[in-house]
Amino acid sequence: MTVVVATKYVSVDELGVLVEAGVEVVGENRAQDLAEKHARWGDAFRWHFIGHLQSRKAKTINELCELCHSLSSASAAAKLTIPALVEVNLSGEPTKSGVNPEQLTALLAAYPGVRGLMTMPPFTGDPEASRPYFRRLRELAEEHGLRELSMGTSQDWRVGVEEGATHIRVGSTVFGDRSPQ
């Protein structure tokens, strides 16, 4: 299991705390923040990209990361050169990125570097509400012969682990809630 510490609202200077704590893997949501943080802390961590992947940002992701958790389009797949997880929008929420399950086969055919799947269930105060989404993602991965699953965040990582996560993404568990108010 890989714990990915999400650094979306964490400043460049604060990453030193993660180095001191022995954190190995960090995940960034924005390519421009990734570049800035990597310039200072590049060799201190293994870097994952966990935000929405835009094809025009793929070059930066390719150069700095070992894994992308959010592949969701053929145009991005055409520019990506590192291993990836396909983001699947199982909730059908229009505000979330990801392919719907019916599009998964086509995207897998377009990019041979896919190692697994990722999903973001609806936000809820009840971690158990995420279980059906995680279970369905695991079933989809099994159907397609994929072994890696990125599922579970600070709100529901325990449920993700119980359902077979190989990667969990935690941020507020480590730093507290940093989202803009």
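Valine 114 is found in strand β6, where strands are DSSP runs of E with at least two residues and helices are DSSP runs of H or I with at least four, both numbered from the N terminus. The model is predicted: local features need pLDDT of at least 70 and side-chain atom pairs count only at pLDDT 80 or more, while totals for chains, interfaces and linings use all residues. Residues are numbered from 1 along each chain as its sequence is written, and side-chain values use heavy atoms, with hydrogens and water left out.

Leaving out residues up to four places away in sequence, valine 114 touches Leu71, Ala84, Val86, Leu108 and Leu146; contact means heavy atoms within 4.5 Å. The C-alpha atoms of valine 114 and leucine 146 lie 8.1 Å apart, although 32 residues separate them along the chain.

Serine 130 lies in the loop between β6 (114–118) and α6 (131–143). Its contacts, not counting residues up to four places away in sequence, are Pro121 and Asp156.

| Residue | Relative accessibility |
|---|---|
| Valine 114 | 12% |
| Serine 130 | 1% |

The largest nonpolar core has 46 residues, and Ile61, Leu71, Leu80, Val86, Val88 and Leu117 touch the most other members. Helix α6 gives this core its largest share, four residues. Such a core is a set of buried Ala, Val, Leu, Ile, Met, Phe, Trp, Tyr and Cys residues joined through side-chain atoms within 4.5 Å. Beyond its neighbours within four places in sequence, leucine 117 is in contact with residues including Leu85, Leu104, Leu137 and Leu149.

Terms used:
Buried means under 20% relative accessible area, exposed over 50%, partly exposed in between (1.4 Å probe, protein chains only).
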